[in-house]
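Hi,

Here is the structure I promised to pass on. Open it up and have a look around, then read on for what turned up.

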Amino acid sequence: MKKIKVGILGATGSVGQRFVQLLDGHPWFELEALFASERSVGKKYKEVAKWFLPYKMPDEAAEMVVKSMDDVSEIRDIAVLFSALPGTIASEVEKRYAQAGYAVSSNVSVHRMEPDVPLVIPEINADHLALIAVQKEKRGWDGFIMTNPNCSAIVLTLSLKPLMRYGIKEVRVSTMQAVSGAGYAGVPSMAILDNVIPFIGNEEDKMESEPQKILGTLEGSEIKNATFNVCASCHRVPVMDGHTEAVWVKFEESVSEEEVKKAFMDFTTDIKTPFAPEKAIILREEQDRPQPKLDRDAGKGMSVSVGRIRRGRMENEIKYIAQGHNTIRGAAGASILNAEVLLERGYI
Ligand SMILES: NC(=O)c1ccc[n+]([C@@H]2O[C@H](COP(=O)([O-])OP(=O)(O)OC[C@H]3O[C@@H](n4cnc5c(N)ncnc54)[C@H](OP(=O)(O)O)[C@@H]3O)[C@@H](O)[C@H]2O)c1
């Protein structure tokens, strides 16, 4: 199979670096170009990426010269642009390239909730990719934008999917989010070391709105959102990678801990592309798991771990802990998985 050429918008940042690492040796995709801000343009990637991952920077990427986003249209044989840009500039840039014919697989929140933009976790709602045709038709574009959810919303929503069969009434969630989720410049070390910061800009809004779209059903050319409410409280903690979430789910009727455990254990999907983990949800039986240090790399960072399943004090309530890697399952890995499914299903 001939490899598909791809580029990364925002290649030098926290998520961009993950893309570079994860695309190294990918069986279907070949990294063709790296794009970043004027600060980096014209310089070799190794000179401008403040590489902080515990893996060697891939040699080929290290020698690539970072390009300006104005150059994208000159690289005609790129099929997919992965976007890891700040929200402030992503909207205009992503639309421009989708219009010009590229498949834009975006990590950015700006377009996620637009009705004709698929917001996809393939193990849950790959059928929502049908919105691509709606989007192209409505906007008159040759390409399209598809998105993956917010890094905390992915972890929560994957864990909720197997529980949908019991009728979810409402969800409360409290997050403990890693510093890599704030980007490379991120939170100053003086603010986060020995501390917890109980505020992450716009994060609670995303947690409270994205799961219902992802768990919604495609009816004709639109998504009918799932109807339960989510109430979120989001916190930054001094962990490098991996978001941990305490989740309380209130069901329509009584559900036992054993039923919830079985639902997690039995969860399977038909997504079998290279980045799809063997198990999207892993049940941790030990009483002090999941933990970011022990569990974030499960399934090469693409599995979500769940544990501490127990009955809550409120009526029909179960509580548990969910944990996932924020820059892999929550960002770059999610975007790559989405692109694999696009390729497998003939969208690119
Ligand atoms: N970190 C996470 O866990 C995570 C998870 C899910 C989604 N996201 C989303 O992914 C996006 C990127 O996040 P991040 O954490 O990787 O941010 P980051 O570390 O701050 O990286 C930002 C990237 O965008 C580039 N950039 C900044 N301004 C630019 C401009 N005016 N023109 C062109 N390129 C520009 C930067 O290039 P220079 O180095 O040249 O400045 C850098 O490559 C954000 O929208 C974020 O919300 C992040």
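Axes here are lines fitted to C-alpha atoms, for helices over the stretch in contact, and angles run from 0 to 180 degrees between N-to-C directions. Helices (H or I, at least four residues) and strands (E, at least two) are DSSP runs, numbered from the N terminus.

Two things to keep in mind as you read. This is a predicted model, where local features need pLDDT of at least 70, side-chain atom pairs count only at pLDDT 80 or more, and totals for chains, interfaces and linings use all residues. Residues are numbered from 1 along each chain as its sequence is written.

Now the sheet under that helix. It's an open sheet of 5 strands in the order S2-S1-S3-S4-S5, with parallel pairing (two strands pair if DSSP finds at least two bridges between them). Strand S2 (29-35) and strand S5 (144-147) are at the edges with a single partner strand each, so one side of each has no neighbour in the sheet. On average, neighbouring strands of this sheet are turned by 25° against each other, direction ignored. Inside the sheet, S3 (residues 78-83) and S4 (residues 103-106) pair in the parallel sense over 4 bridges, and Ser-83 has Ser-106 in S4 as its bridge partner.

Next, the domains. The chain is divided into domain 1 (4-149 + 331-344) and domain 2 (151-325), with bounds that come from an automatic or database domain assignment. Their C-alpha centres lie 24 Å apart. The contact between them takes 31 residues from domain 1 and 28 residues from domain 2, where two residues are in contact if their C-beta atoms, placed from the backbone, lie within 7 Å. On the domain 1 side, H12 gives the most, with 8 residues.

So where is the ligand? Both domains give residues to the shell around the ligand, so it lies between them. The shell holds 29 residues, and the closest are Gly-10, Gly-13, Val-15, Ala-36 and Gly-183 (a residue is near a molecule if its C-beta atom, placed from the backbone, lies within 6 Å of it). Helix H1 (14-23), helix H4 (87-99) and helix H12 (328-344) are the elements that give two or more residues to this shell. H1 turns up again here: it gives the most, with 3 residues.

Finally, some antiparallel pairs. Strand S10 (residues 243-251) pairs with S13 in the antiparallel sense over 8 bridges; Ala-246 stands opposite Ile-321 in S13, and Trp-248 stands opposite Lys-319 in S13. S10 also pairs antiparallel with strand S6 (residues 168-176), over 8 bridges. Strand S12 (residues 304-311) is joined to S13 by 5 bridges, again antiparallel. S12 and S13 form a hairpin with 5 residues between them, and Asn-316 in the turn has a positive phi of about 55°. In strand S13 (residues 317-324), 6 of its 8 residues are buried, meaning that 20 or more other C-beta atoms lie within 10 Å of the residue's own, with C-beta atoms placed from the backbone. In helix H7 (residues 151-160), 10 of its 10 residues are buried.

Notes: Buried ≥ 20, exposed ≤ 12 C-beta atoms within 10 Å, placed from the backbone.
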